[in-house]
Every structure is written in C-alpha cells, then in structure tokens.
Amino acid sequence: MPTIHVSTHCDAPVEQVFEYAADHTRVPEWFYGLTSWKPLTEQTRGIGARFEGTVHLGATLRSTVEAVDFVENELIAITSVKGFPNASRWQFTPSEGGTRVDCELTYDFPGGLAGKALAKVVEPFVKIAVAHATKEFTERAAAPR
C-alpha cells in the first residue's frame with residue numbers, strides 16, 4: 001500500500017487550523033480533484049461520521065470513508081469502508097508561531113491487471129493532488145475568519 005507523508009506549517013493557532021480541518025463543509029475548498037463530498041450520517045464530526053466522496057485524479061475514484069479517530073485540536077483519522085481503499089491521518093501540533101500539520105495518506109488499488117493499469121493512471125496525479133491540497137489547506141486554514 002503506497003503511503004505519502006506531508007508536513008507543513010500553518011500560520012494560525014492549532015484551534016483555528018483544527019476547526020477548519022474538522023468542518024466537513026470546507027473539504028471541497030482544498031481537496032484537489034474532489035467532485036462530490038456528502039455526509040452519510042447525521043453526525044458530521046468525530047468518530048463514526050461517514051462521508052461519500054468522489055475524486056477525479058486521472059480516473060474517477062469513489063469511496064465511503066469513516067472517522068475512526070478524533071481528538072479535539074490534535075488528531076483526525078479516516079479510513080475507507082467501501083470503494084477505493086484509502087486512509088488518512090492528520091496530526092495537529094502547536095509550533096512556534098502557529099501549527100504543524102502532519103498528514104499520512106495511504107491508498108491501494110485492486111489486484112490484477114486492472115488494478116495495475118489504474119495505478120499507472122492515478123499515481124502521478126496523487127502526488128500533484130497532495131501537494132496542491134496541502135498548499136490550499138494551509139493557506140485557507142490560516143485565513144482570518
């Protein structure tokens with residue numbers, strides 16, 4: 001399973017950055033390639049919140065994800081429960097003058113020739129998407145509210 005690690009600094013307090021990340025209505029603002037994002041549960045924050053998303057990264061990928069770990073102002077972790085296998089873990093740490101954001105993204109493709117073909121199409125876009133999303137997230141989370 002490929003894994004991408006990204007660390008960035010955001011010029012805003014951890015509470016502001018975390019609040020931006022935890023607000024599901026903001027995800028389409030910064031998540032590169034996201035074409036659809038909707039809650040599937042009444043609960044939209046914290047462990048158990050589920051969302052269905054569609055992303056286009058050279059191919060269209062659909063996934064239902066669930067928050068599996070959530071610690072206010074510290075951590076958000078989600079994993080897929082249906083569709084394209086993926087998981088992400090976002091750690092928020094106060095740092096000098098703002099917040100350090102560490103993200104770990106893992107994903108997988110189905111086996112066989114179809115999975116290998118899909119991987120060749122999608123993988124170059126994943127790195128572009130992560131770099132773009134990190135930049136957008138950092139700038140938007142630091143913007144005054």
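This is a predicted model: local features need pLDDT of at least 70, side-chain atom pairs count only at pLDDT 80 or more; totals for chains, interfaces and linings use all residues.

Me: What counts as a cavity, and what is its volume?

Reply: A cavity is a set of points, on a 1 Å grid over the protein atoms alone, where a 1.4 Å probe fits but cannot get out. Lining residues have an atom within 4 Å of a point. Points are joined across faces, edges and corners, and the volume is the space filled by probe spheres set on them.

Me: Which residues line the second largest cavity?

Reply: The lining is V6, T8, W90, V101, C103, A133, T134 and F137. Helices (H or I, at least four residues) and strands (E, at least two) are DSSP runs, numbered from the N terminus. Here β1 (3-10), β7 (98-107) and α3 each supply at least two lining residues. The largest share, three residues, comes from α3.

Me: How many cavities of 30 Å³ or more are there in the whole structure?

Reply: The search finds two.

Me: How do I read a nonpolar core?

Reply: It is a set of buried Ala, Val, Leu, Ile, Met, Phe, Trp, Tyr and Cys residues joined through side-chain atoms within 4.5 Å. Buried means under 20% relative accessible area, with a 1.4 Å probe and protein chains only. The largest nonpolar core here has 20 residues; V17, W30, I76, W90, F92 and F137 have the most contacts inside it. The largest share of this core, six residues, comes from α1. Another core lies apart from it, with 14 residues, including I4, V55, Y107 and A119.

Me: What does W90 touch, leaving out residues up to four places away in sequence?

Reply: Contact means heavy atoms within 4.5 Å. W90 touches W30, E74, L75, I76, V101, D102, C103 and F137.

Me: And how much of the chain is buried?

Reply: Buried residues make up 40% of the 145 residues. The chain has three helices and seven strands.

Notes. Residues are numbered from 1 along each chain as its sequence is written. Side-chain values use heavy atoms; hydrogens and water are left out. On a 1 Å grid over the protein atoms alone, a cavity is a set of points where a 1.4 Å probe fits but cannot get out, and a pocket is an open set with protein on both sides within 12 Å along at least five of seven lines; lining residues have an atom within 4 Å of a point. Buried means under 20% relative accessible area, exposed over 50%, partly exposed in between (1.4 Å probe, protein chains only).
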